Amino acid sequence: MPFYDLLTDVWSADAVVLKLLLGSIFGLCLGLTGVGGGVLLIPMLQLFCGMSPVLAVGTASMISAMVKINASLIHIKARNVSWNKIALLFVGAVPVTLVVTQMVVYFSTHPYYSQATEQTITWLVTIVMVGSLISVFSKYKGAAVGYTAVTSNPKTNTKKAIMSGMFCGSVLGSTGVGGGVLLLPVLNNVLHLDIKKAVGSSVVLALSLSAIAAAGYAKGGQSDVNTAILFFIGSFVGVPISAYLMKRMSERHVYSATMVVISVSLIAYLAL
């Protein structure tokens, strides 16, 4: 039976306990700070699992898609998704995600360009992580922490929305980063969604784009399915703990924790 074979492969994989533990840590940090994808997973996968940058991006995309399934269903049920607005981002993001993913997979296996591709992905991930840290720090220092709710409903700039989708798709497809770091600000500031709908829409959109990227990387042999499943299983331990801690933390404490998580990930990534 295919399912039994998959289950056997997962539990016979290397370092099962370590990967479950890393998945728990990932789930804890994701639930506590909202930081996930490339910012956390890629350093973990490279440092502890010995993956190459491209393989880490492909596996991280697969894990990100898995952990966002339940969250997406919750937001859809709560009607926190603006389908007409995220459709504009889909138009720009989906084709670019497909193209960029295939380009990365192709050049990563090319005998002449593989090393340059690995180095490029490493630098892109580093730049996105630094940008994430600066963004969180600016919010922490601001007088009003967090996004300001949108009180008006100005007309959406379709061209700007599609271009924003293309940018998000290119970054997510090449680095595995995109959810809260890129999509949430775009939905909130460019498409003028209130924060609740922006969060829900970003989760659904990130799920779709991560799944597209994961499929592309997996097709090119740049995903570790067994590791992704173990991280996904481990995350079920960390997420409930984060929910417990969130009730006892102020917003400034959450932002502080987010900066610590990103900083540690960045230092670990640069030390590779």
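Predicted model: local features only at pLDDT ≥ 70, side-chain atom pairs only at ≥ 80, totals over all residues.
How many aromatic pairs does the structure hold? The structure holds three aromatic pairs.

**Entry 1: Tyr106 and Phe107.** I took the rings of Tyr106 and Phe107 and found their centres 5.1 Å apart. Their planes stand at 75°, and an angle over 60 degrees counts as edge-to-face, so this pair is edge-to-face. I then looked up the accessibility of each partner. Tyr106 has a relative accessible area of 48% and is therefore partly exposed, as the class lies between 20% and 50%. Phe107, with a relative accessible area of 28%, is also partly exposed.

**Entry 2: Phe107 and Tyr113.** I followed Phe107 to a further partner, Tyr113, with which Phe107 forms an aromatic pair. The centres of these two rings are 5.5 Å apart, the planes lie at 80° to each other, and the pair is edge-to-face. For Tyr113 I noted a relative accessibility of 42%, which counts as partly exposed. I recorded Tyr106, Phe107 and Tyr113 as a cluster linked by ring pairs.

**Entry 3: helix H4.** I next turned to H4, which runs over residues 53-77 and has 25 residues. From its first C-alpha to its last, H4 reaches 36 Å, close to the 36 Å expected at 1.5 Å a residue.

Key. Residues numbered from 1 in each chain as written. Heavy atoms only, no water. Helix = DSSP H or I, 4+ residues; strand = E, 2+ residues; numbered from the N terminus. Expected span 1.5 Å × (residues − 1). Phe/Tyr/Trp six-rings, centres within 6.5 Å; stacked < 30°, edge-to-face > 60°. Buried < 20%, exposed > 50% of the residue type's maximum accessible area, 1.4 Å probe, protein only.
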